[in-house]
Amino acid sequence: MIADKEEIHIGQVIVHILDSTVGMPVLSDKVLDYGSDFADFLKAHIFRIDTSDEIRSCSFSEEESTIYKYMEEYDSENFVEISKKTAQELFTIMNQNIEIPPADLLVAEYQVDRHKYLALLKMNYRTSYTHMTSADPWGNNNDIIMQKAILPGETQKLSEAALLDLGAPKYVRLVEKKYDVNGVKTNYFSKLFLKCQGSLSAKTRLSIVNKAVTDVQKKYYNESEQFEVQMETKSIINQELSSEGALDVPVVIEKIFKEHPQMKEEVQEKLEKYNLAETRVEPQNPTTTKKFTKQHLLTDTGIELKIPMEEYNNKDKVEFITNPDGTISVLIKNIGSIESR
């Protein structure tokens, strides 16, 4: 994983217009002549993808993948030709499936520590407004027009993109989104375009583990008990992520269900379907684990509480009290000051 986007050195770049609404691609025959601002734009997108917990590590199907064959043929001299063939391959799929959004395909050769990579960045169009000025005999006429082919900004994440290691052409890392293909939600980018298979992303694995635990807890605990159990579960997961920098699934499941072997067994059965019962999840991006750093509570009276996990775990700061009538009181202690926001 790249530690800083300034480690990325952009080389050749080309853009192909894949607007499936017009029925044919507009493929470029020349590389872009770009400046430092555009290089920074590309670095930001490549860095965001490389450090995303949504990225998946995959390997090409050597027999079926046309893109893999292109990568085997690739060198810097045939950059333009390989990029055009790759863009045509993607456009054919897009043209056959109208739910896949039109886009520009940016193909960029780049280096990190003198190691060469190729980025395939599908820039899905978004709609926005801009001004247009025209002149007539009576003066200037300023107008606002709709622009339907605006590219994603530097801070926006791409729905589909791939990073290919040119030193190991069998492997690819990618992010993707499902779209309707013949009426079925499909990861077309990996299955139809790249034709590769791989593991689930760190974010997906963490989500599956969390959902499996929650589903079993909802089955065994009544509604009034669930909030306390789920708070304790979130605390255990947060402690594991904070201390280990990762989630060792069997260890965490043991901690959560140490007194409930039947519940533990059910969770393990659910996770085995995804081959996650013995896995270790190592999220890299703080946004992935952010939801485990706070307890977010909503009462039936409409009161919302957001409690930092270190405060929740300190009994001198927060206490939950079950009253004789079954209602719950939350006691917040030792407050130095309060601000209204």
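N141 touches M132, T133 and S134, when residues up to four places away in sequence are not counted; contact here means heavy atoms within 4.5 Å. The structure is a predicted model, in which local features need pLDDT of at least 70 and side-chain atom pairs count only at pLDDT 80 or more, while totals for chains, interfaces and linings use all residues. Residues are numbered from 1 along each chain as its sequence is written, and side-chain values use heavy atoms, with hydrogens and water left out.

N141 belongs to strand β6, which spans residues 139-150. With a relative accessible area of 37%, N141 is partly exposed; buried means under 20% relative accessible area, exposed means over 50%, and partly exposed lies in between (1.4 Å probe, protein chains only). The C-alpha atom of N141 is separated by 59 Å from that of G336, a residue 195 positions away along the chain.

The protein as a whole contains 10 helices and 17 strands, assigned as DSSP runs numbered from the N terminus (helices: H or I, at least four residues; strands: E, at least two). The radius of gyration of the protein is 25 Å, well over the 20 Å given by the globule rule for 341 residues, so the protein is more spread out than a compact globule. This radius is taken over C-alpha atoms, and the globule rule is 2.2 Å times the number of residues to the power 0.38. Along the principal axes, the C-alpha atoms fill a box of roughly 80 × 65 × 45 Å. Of the 341 residues, 39% count as buried. Among contacts between residues at least 6 apart in sequence, 62% join residues at least 24 apart. The accessible surface comes to about 19900 Å², and 48% of it belongs to carbon and sulfur atoms.

Helix α2 (residues 66-73) and helix α3 (residues 79-96) pack at an angle of about 175°, their axes lying 10 Å apart. This angle makes α2 roughly antiparallel to α3, a description applied to angles over 145 degrees. Axes are lines fitted to C-alpha atoms, for helices over the stretch in contact, and angles run from 0 to 180 degrees between N-to-C directions. On the α2 side, T66, I67, Y70, M71 and E73 meet I82, K85, T86 and E89 of α3. The residues of this contact divide into 4 nonpolar, 2 polar and 3 charged.

H45 lies in helix α1 and, at 1% relative accessibility, counts as buried. Beyond its neighbours within four places in sequence, H45 is in contact with L121, M123, P152, G153, E154, Q156 and L158. M24 is located in the loop between β1 (8-18) and α1 (36-50) and counts as exposed at 55% relative accessibility. With the same exclusion of neighbours within four places, M24 is in contact with D19 and F91. M24 and N95, 71 residues apart in sequence, are 8.2 Å apart in space, C-alpha to C-alpha.

Most residues other than glycine have a negative phi. R114, however, has a positive phi near 65°; R114 is found in the loop between β3 (103-112) and β4 (115-124) and is exposed at 79% relative accessibility. K195 likewise has a positive phi, near 55°. The loop between α4 (188-194) and β11 (196-198) holds K195, which is partly exposed with a relative accessible area of 30%.

Methods:
Parallel < 35°, antiparallel > 145°, perpendicular 65-115°, else oblique. Nonpolar A, V, L, I, M, F, W, Y, C, P; charged D, E, K, R; others polar. Areas by Shrake-Rupley, 256 points an atom, 1.4 Å probe, with all protein chains shown as cover.
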